[in-house]
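Student: I would like to learn how to read a two-chain model feature by feature. Can we work through one together?

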Amino acid sequence: MSSITRRRALGVAAGAAGAVAVLAHAGPAGAAAPRAAADPASFDEVYQGRRIRGGPAHGGGHHGGHHGGGYAVTVDGRELHVMRNADGTWISVIHHYEPVATPRELARAAVRELRGAPLVPLALG
Amino acid sequence: MTVRKNQATLTADEKRRFVDALLELKRSGRYDTFVTTHNAFIMGDTDDGDRVGHRSPSFLPWHRRFLLEFEAALKSVDPTVTLPYWDWTADRTSRSSLWAPDLLGGTGRARDGQVTDGPFARVGNRWPITVRVDGRDFLRRDLGAGGRQLPTRAEVDSVLAMETYDTAPWNSASDGFRNHLEGWRGVNLHNRVHVWVGGQMATGVSPNDPVFWLHHAFVDKLWADWQARHPGSAYLPAAGTRNVVDLHDTMRPWNDVTPADMLDHTPHYTFDTAA
């Protein structure tokens, strides 16, 4: 089984989306001081035996492109893909249809759903 | 002519042919390409950026085209097969025949959520979960976990009554029919059904569960029902909207189809009951 990263799997589709997102943030509508101010606090805790961490993504890093989030969450050091909704709620790739209030809640919900399984980069058989 | 039928009315032979076609697509590797495409869009579609498959007006035409492609793949295996739909307002418990071993199999076991009966159970190894976001390679479900309820007919009717297709800002914060059907706002129809099923259906790789297609075939039928109820209501927005697929813009990943091309389902299929 080969495995590729989510970023590579997103490929062309995400590249276009990312380019647009960058432009949006650079433009007048993206003078996003309020957005930055509203970013949730970082967290770092052990929940049900697993290390969950969240905080601003490193500048221009992994989170700059495909979802415009700017906030990274990990479970045992592995990325949990998260996204912020327009109303400020959050979803993750593990809970993609059920928004919760904060990234910390999202990480905890993911730990409960994973039942000990590791997160993996998107794996293709 | 393709007729999409309520899953509850399928004959034993129709169920067997549908299941066999799914298993053949899986075996050949074609099935997983659909899972990969869906996950790429669900992770790439954002409220403040480019959005095509979800949280946007094109949620409905995008999934209509996605299902048409999938149905064509099924037909290439067995030309008699069409996509059935699951009316979750009527067949709303885990005891529905939908979840019997001759169709989709039932809910997951308590210990690890693993589906243990039906054609897609790990036993038999005909349904490995290869496009995945965690280490588990078996189909999981948790039907109605925590006492969750599927939407009622009255809730569906309240959404079908909305006259306006979609509204600015054309995302998960919008008012209007599309976003209420999708479920980011209001009584929550489509999203809630994903959550009710649980397992992979609640994740970005939701097409790993074959019920994905039956769920979306019913969401698609609700769009047709809405059109019949509001013949004067059009797809919106019409033109010039940044990050959003307007009526005559092409949709990724196909780039040869617009929402306008998808408004009328009848060139492609009809339903077993009048829309």
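This is a predicted model: local features need pLDDT of at least 70, side-chain atom pairs count only at pLDDT 80 or more; totals for chains, interfaces and linings use all residues.

Student: Start with the fold. How many helices and strands are there in chain A?

Tutor: Chain A has three helices and seven strands. Read their order next. From the N terminus, the elements run α-α-β-β-β-β-β-β-α-β.

Student: What share of the residues of chain A counts as buried?

Tutor: Of its 125 residues, 45% count as buried. Then look at sequence separation. Among the contacts in chain A with a separation of 6 or more, 47% are between residues 24 or more positions apart. The surface comes next. Chain A exposes about 5,900 Å², and carbon and sulfur atoms supply 57% of that area.

Student: Now the interface. How many residues of chain B are in contact with chain A?

Tutor: On the chain B side there are 46 residues, in contact with 38 residues of chain A. Area is another way to read it. The two chains bury about 3,300 Å² between them, with 58% of it on carbon and sulfur atoms.

Student: Which residues of chain B lose the most area to chain A?

Tutor: They are B:M43, B:D48 and B:V133. Together they make up 19% of what the chain B side buries.

Student: How many polar links cross the interface of chain B and chain A?

Tutor: The rule finds 13 residue pairs in polar contact across it. On the chain B side, the elements giving two or more residues are α2 (30-44), β2 (132-134) and α6 (190-197). The largest share comes from α2(B), with eight residues. By class, that side has 13 nonpolar, 18 polar and 15 charged residues.

Student: How many salt bridges are counted between chain B and chain A?

Tutor: Two. One pairs A:E98 with B:R148, and their closest N and O atoms are 2.7 Å apart.

Student: What is the general idea behind such pairs?

Tutor: Side chains of opposite charge can pair when their charged atoms come close. Over all chains, the count comes to 33 salt bridges.

Student: Show me one within a helix. Where do B:D13 and B:R16 sit?

Tutor: Both are in helix α1 (residues 12-28) of chain B. They are three residues apart, so about one helical turn separates them. B:D13 is partly exposed at 37%, and B:R16 is partly exposed at 44%. Then look for a wider pattern. B:D13 and B:R16 belong to a salt-bridge network with B:R17, B:D20 and B:D78.

Student: Now B:D32 and B:K26. Is B:D32 buried or exposed?

Tutor: B:D32 counts as buried, at 13% relative accessibility. B:K26 is also buried, at 6%. The two side chains form a salt bridge of 2.8 Å, N to O.

Student: And which parts of the chain does the pair B:D137 and B:R122 link?

Tutor: First the bridge: the N to O distance is 2.7 Å. The pair links distant parts of the chain, 15 residues apart. B:D137 is in the loop between β2 and α4 (153-160), and B:R122 is in the loop between α3 (59-77) and β2. B:D137 is partly exposed at 31%, and B:R122 is partly exposed at 38%.

Student: What surrounds B:R192 in the model?

Tutor: Leaving out residues up to four places away in sequence, B:R192 touches B:Q149, B:L150, B:P151, B:E155 and B:V187. Its side chain makes a polar contact of 3.0 Å with that of B:E155. B:R192 is in helix α6 of chain B. With a relative accessible area of 16%, B:R192 is buried, because the cut-off is under 20%.

Student: Where does A:R115 lie?

Tutor: A:R115 is in the loop between α3 (103-114) and β7 (119-123) of chain A. Its phi is positive, about 45°, although it is not a glycine. A:R115 is partly exposed, at 42%. Compare B:N188, also not a glycine, with a positive phi of about 75°. B:N188 is in the loop between α5 (177-182) and α6 of chain B, and is buried at 18%.

Terms used. Residues are numbered from 1 along each chain as its sequence is written. Chains are lettered from A and ligands numbered from 1 in the order in which they are written. Side-chain values use heavy atoms; hydrogens and water are left out. Contact means heavy atoms within 4.5 Å. Buried area is the accessible area (1.4 Å probe) that two parts lose on being put together, summed over both. A salt bridge is a side-chain nitrogen of Lys or Arg within 4 Å of a carboxyl oxygen of Asp or Glu. A polar contact is a pair of N or O atoms within 3.5 Å; within protein, one must be able to donate a hydrogen and the other to accept it, and residues adjacent in sequence count only if both atoms are side-chain atoms. Helices (H or I, at least four residues) and strands (E, at least two) are DSSP runs, numbered from the N terminus. Ala, Val, Leu, Ile, Met, Phe, Trp, Tyr, Cys and Pro count as nonpolar, Asp, Glu, Lys and Arg as charged, and the others, Gly among them, as polar. Buried means under 20% relative accessible area, exposed over 50%, partly exposed in between (1.4 Å probe, protein chains only). Accessible areas come from the Shrake-Rupley method with a 1.4 Å probe; for residues, only the protein chains shown count as cover.
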